[in-house]
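Definitions are given where a term is used.

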Amino acid sequence: MNAKLISAWIAGLAIVVLYVYATIAALGNFFGMSDIVRSALGLMPWTLLILQVVAPAIALAVALILSRGRSAGMRVLLLATGICAAAAIQLEIMHLILIS
Amino acid sequence: MPKESGEGRESALQRGWTVESRSDVNDQPDLATVSAPVEAQEAEAQNAVAQGTAAQETAAEGTEPATNELAESGQTAQLSNLTVVMLGLTGGIYMLYAWVWLSWAQFYAEGNAAAVEGSGSIGGFLQQIVFWIAPLAPILWFVSALIMHRRQPRKLALALILGCIVLLPLPMIFGNGAAQ
């Protein structure tokens with residue numbers, strides 16, 4: 001029981017590190033690409049860049065809310081699903097920016 | 001009397017023969033009663049899929065009592081056939097999504113690995129992880145939805161359809177993907 005709880009916490013914290021890194025990387029993208037985006041027309045690239053920054057935070061919040069009152073394994077699974085979805089959305093946005 | 005005993009033997013043989021046939025006879029009606037409604041439900045579910053969502057709901061209401069009867073005869077509670085059809089459809093869509101994400105992840109991971117070759121390794125390592133977990137998103141979403149809402153087909157359908165929308169690879173629709 002205790003070992004299971006500790007391993008769930010370790011897995012959860014490792015996943016949260018990925019959330020933090022995804023946010024930091026998106027912020028880096030935001031500031032790094034702002035010069036490029038500024039030359040481009042329209043509001044769309046800005047919206048996409050901001051969405052890229054907030055996607056991990058939204059995913060983490062949704063995962064934590066959905067996993068309230070559930071078992072430790074389910075929480076880890078939902079956290080993993082959240083970071084994967086956030087990573088997919090970031091990848092998609094990067095792809096959209098690069099092909100546009 | 002000997003004839004009667006002979007007949008008795010024959011009947012005894014027949015009885016011995018019919019023990020097996022009786023077991024078959026006992027099994028077959030069960031199979032027939034189980035498989036016939038299942039086929040009928042499958043046909044009904046397929047018709048419902050063809051006719052649209054309104055018909056789907058009525059078919060779901062129609063199949064639920066039947067599956068309950070099946071569940072009473074069996075040990076475990078079964079998913080309704082409509083749920084199984086829905087799981088098959090969305091599972092196929094999610095697998096397609098996973099494949100698309102995988103191709104993009106491969107493309108960007110290679111580019112990123114070349115770009116950050118000289119810089120800090122931790123950032124590059126984490127970035128590689130973040131790239132490569134993207135294809136897992138549809139799979140984990142499907143598993144999570146199935147585990148969370150296995151008992152509630154409506155919530156399961158809602159979660160799976162929401163996943164289809166959230167995880168839709170938009171650049172695939174806009175076309176001209178770099179890593180197609």
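1. Patches are made of residues with over 30% relative accessible area and no salt bridge, with like charges joined within 9 Å and nonpolar side chains (Val, Leu, Ile, Met, Phe, Trp, Tyr) joined within 5 Å. A salt bridge here is a side-chain nitrogen of Lys or Arg within 4 Å of a carboxyl oxygen of Asp or Glu. Accessible areas come from the Shrake-Rupley method with a 1.4 Å probe, and for residues only the protein chains shown count as cover. On these terms A:Ile50, A:Leu51, A:Val54, A:Ile58, A:Val62 and A:Leu66 make a nonpolar surface patch of about 470 Å².

2. The model is predicted: local features need pLDDT of at least 70 and side-chain atom pairs count only at pLDDT 80 or more, while totals for chains, interfaces and linings use all residues. Residues are numbered from 1 along each chain as its sequence is written, chains are lettered from A and ligands numbered from 1 in the order in which they are written, and side-chain values use heavy atoms, with hydrogens and water left out.

3. Chain A has three helices and zero strands, in the order α-α-α from the N terminus. Helices (H or I, at least four residues) and strands (E, at least two) are DSSP runs, numbered from the N terminus. Of the 100 residues in chain A, 45% are buried, where buried means under 20% relative accessible area, exposed over 50%, and partly exposed in between (1.4 Å probe, protein chains only). The accessible surface of chain A is about 5,400 Å², and carbon and sulfur atoms hold 76% of that surface. Among contacts in chain A with a separation of 6 or more, 65% are between residues 24 or more positions apart; contact means heavy atoms within 4.5 Å.

4. Chain B has seven helices and zero strands, running α-α-α-α-α-α-α from the N terminus. Buried residues are 32% of its 180 residues. Chain B exposes about 11,700 Å², with 62% supplied by carbon and sulfur atoms. Of the contacts in chain B between residues at least 6 apart in sequence, 65% join residues at least 24 apart.

5. Which residues touch the most other members of the largest nonpolar core? They are A:Ile15, A:Tyr19, A:Ile83, A:Leu91 and B:Leu160, in a core of 49 residues. A nonpolar core is a set of buried Ala, Val, Leu, Ile, Met, Phe, Trp, Tyr and Cys residues joined through side-chain atoms within 4.5 Å. At least two residues of this core come from each of helix 1 (2–39), helix 2 and helix 3 (72–99) of chain A, and from each of helix 3 (81–115), helix 4 (121–133), helix 5 and helix 6 (153–166) of chain B. Helix 3 of chain A gives the largest share, 14 residues. Apart from this core lies another, of eleven residues, including A:Ala26, A:Phe30, A:Ile93 and A:Leu96.

6. Several residues of helix 2 (residues 44–66) of chain A deserve a look, A:Ile50 among them. A:Ile50 counts as partly exposed because its relative accessibility is 45%. A:Gln52, also in helix 2 of chain A, counts as buried because its relative accessibility is 3%. Beyond four places in sequence, A:Gln52 is in contact with A:Ala26, A:Asn29, A:Gln90, A:Ile93 and A:Met94.

7. A:Ala59 is another residue of helix 2 of chain A, and its relative accessible area of 13% makes A:Ala59 buried. Leaving aside neighbours within four places, A:Ala59 contacts A:Tyr19, A:Gly82 and A:Ala86.

8. A:Tyr21 of helix 1 of chain A is buried, at 15% relative accessible area. Its C-alpha atom is 9.3 Å from that of A:Pro56, which is 35 residues away along the chain.

9. How far apart are the end C-alpha atoms of helix 5 (residues 136–148) of chain B? The separation is 18 Å, in agreement with the 18 Å that its 13 residues should span at 1.5 Å a residue; the expected span is 1.5 Å times one less than the number of residues. Buried residues of helix 5 of chain B include B:Pro138, B:Trp141, B:Phe142 and B:Met148.

10. B:Pro153 lies in helix 6 of chain B and is partly exposed, at 37% relative accessible area. Leaving aside neighbours within four places, B:Pro153 contacts B:Thr83 and B:Met86.
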